[in-house]
Amino acid sequence: MTSQTPVKGDISAGSPPLPAVAWVRILAQYREPDTLRSSFEIAVSLIPFVAIWVLAWLVLPVSALAAVALACLNGLFLVRLFCIQHDCGHGSFFSNRNLSDWIGRAIGVLTLTPYDVWRKSHSMHHAGAGNLERRGIGDVVTLTVAEYRARSPFARLRYRAYRNPLVLFVLGPAYLFFVENRVPWGMMGDGWRIWVSSLGTTFSGALMVGLILWFGGLMPLLLIFLPTTLVAATLGVWLFYVQHQFEETQWDQPDDWSMHDAALHGSSHYVMPAWLQWFTANIGIHHVHHLYSRIPFYRLTEVLRDHGDLARAQRLSISESIACARLHLWDESQRRLLSFAEARAVYGTA
């Protein structure tokens, strides 16, 4: 986290002027979306996405490298579309919930994410973030030091493999979007709507792939569709990771857990350059989003502008975030994330 001289009233300095729950009423004034603004945000995300797709297709016969470069660029627009889908899932993008849901479902075809399945798992993530008894749904699996030490050598090895950056940020995103999202794992008994969402998105995605193959053959699929999707998936997983996997995040046992405290103090404020903040739709302002998820992404900057305490809280720079990839275990006694090496040095854990 960014080292800085504590500011009076600074949440990150340990003496917040208001308890987390008190912020909820303050943040409620930012919850109303603007229909025209929301429509504009969709247009400036979707139109360039389609245009770059077409341009990459036209360029492909001339230069495969240029087509791949355009596809990688388009991955950023796909991330932005996913963030809009995310806001639709929270009911924060349009006042009309049905409109938000159907736009979310349509975008879900492009992002290969079944909207209703994702919305349910993500709501469970919000409802239980920071609760040690409610891990495993919509989050990155994180063991406590005690849990890790209690596991067999093989189980430890498996967890170490899972937390390896190559698995989390290279293999993991591909598996998540191309395999796991195709079936509603963990929700198979949750009703027909979940299955319709999952299979409908899979069928629509298969139709999209089929049309690419029919009209363009294998090369557009390999050199445009795959790079676009994988860049977006990798960046999306990384963003989700650093939102809660930083050293001073917060987890508690159920008796000590508070949803509002966990939302505010257990979520990072990922500080990015303006252009990257635009492509990621302010999702880095995650502590505010988790505390009040009904705020449209384009109003999150208003919150920081009006409330310096929140602007200074949990700041995490890009350079600092790289170090978060080596954090693996939650130490309940020290109340921070440790690396495997630190856990071994302190507790003798292999």
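Start by selecting helix 9 (residues 192-216) and helix 10, which pack at an angle of about 125 degrees with their axes 6 Å apart. Helices (H or I, at least four residues) and strands (E, at least two) are DSSP runs numbered from the N terminus. Axes are lines fitted to C-alpha atoms, for helices over the stretch in contact, and angles run from 0 to 180 degrees between N-to-C directions. Helix 9 and helix 10 are therefore oblique to each other. Angles under 35 degrees count as roughly parallel, over 145 as roughly antiparallel, 65 to 115 as roughly perpendicular and the rest as oblique.

A word on the source: this is a predicted model, in which local features need pLDDT of at least 70, side-chain atom pairs count only at pLDDT 80 or more, and totals for chains, interfaces and linings use all residues. Residues are numbered from 1 along each chain as its sequence is written, and side-chain values use heavy atoms, with hydrogens and water left out.

Now show the side chains between helix 9 and helix 10. Helix 9 contributes Met 208, Val 209, Ile 212, Leu 213 and Gly 216 to the contact, and helix 10 contributes Leu 218, Pro 220, Leu 221 and Phe 225. Contact means heavy atoms within 4.5 Å. By class, eight of these residues are nonpolar, one is polar and none is charged. Here Ala, Val, Leu, Ile, Met, Phe, Trp, Tyr, Cys and Pro count as nonpolar, Asp, Glu, Lys and Arg as charged, and the others, Gly among them, as polar.

Select Phe 49, Trp 53, Ala 56 and Trp 57 on helix 2, then Pro 220, Ile 224, Phe 225 and Thr 228 on helix 10, to see the residues that make the contact. Seven of them are nonpolar, one is polar and none is charged.

Further along, pick Ala 232, also found in helix 10. Ala 232 counts as buried, at 9% relative accessibility; buried means under 20% relative accessible area, exposed over 50%, partly exposed in between (1.4 Å probe, protein chains only). Leaving aside neighbours within four places in sequence, Ala 232 is in contact with Gly 75, Leu 78 and Val 79.

Next, go to Arg 80 in helix 3. Is Arg 80 buried or exposed? At 1% relative accessibility, Arg 80 counts as buried. Beyond its neighbours within four places in sequence, Arg 80 is in contact with Glu 41, Val 44, Ser 45, Trp 278, Phe 279 and Phe 297.

For the largest nonpolar core, which has 54 residues, select Ile 84, Phe 93, Phe 169, Trp 238, Leu 239, Tyr 241 and Tyr 270, the members that touch the most others. A nonpolar core is a set of buried Ala, Val, Leu, Ile, Met, Phe, Trp, Tyr and Cys residues joined through side-chain atoms within 4.5 Å.

Finish in the loop between helix 12 and helix 13 (286-291), where Ala 281 is found. Ala 281 has a positive phi of about 50 degrees although it is not a glycine. Ala 281 is buried, with a relative accessible area of 3%.
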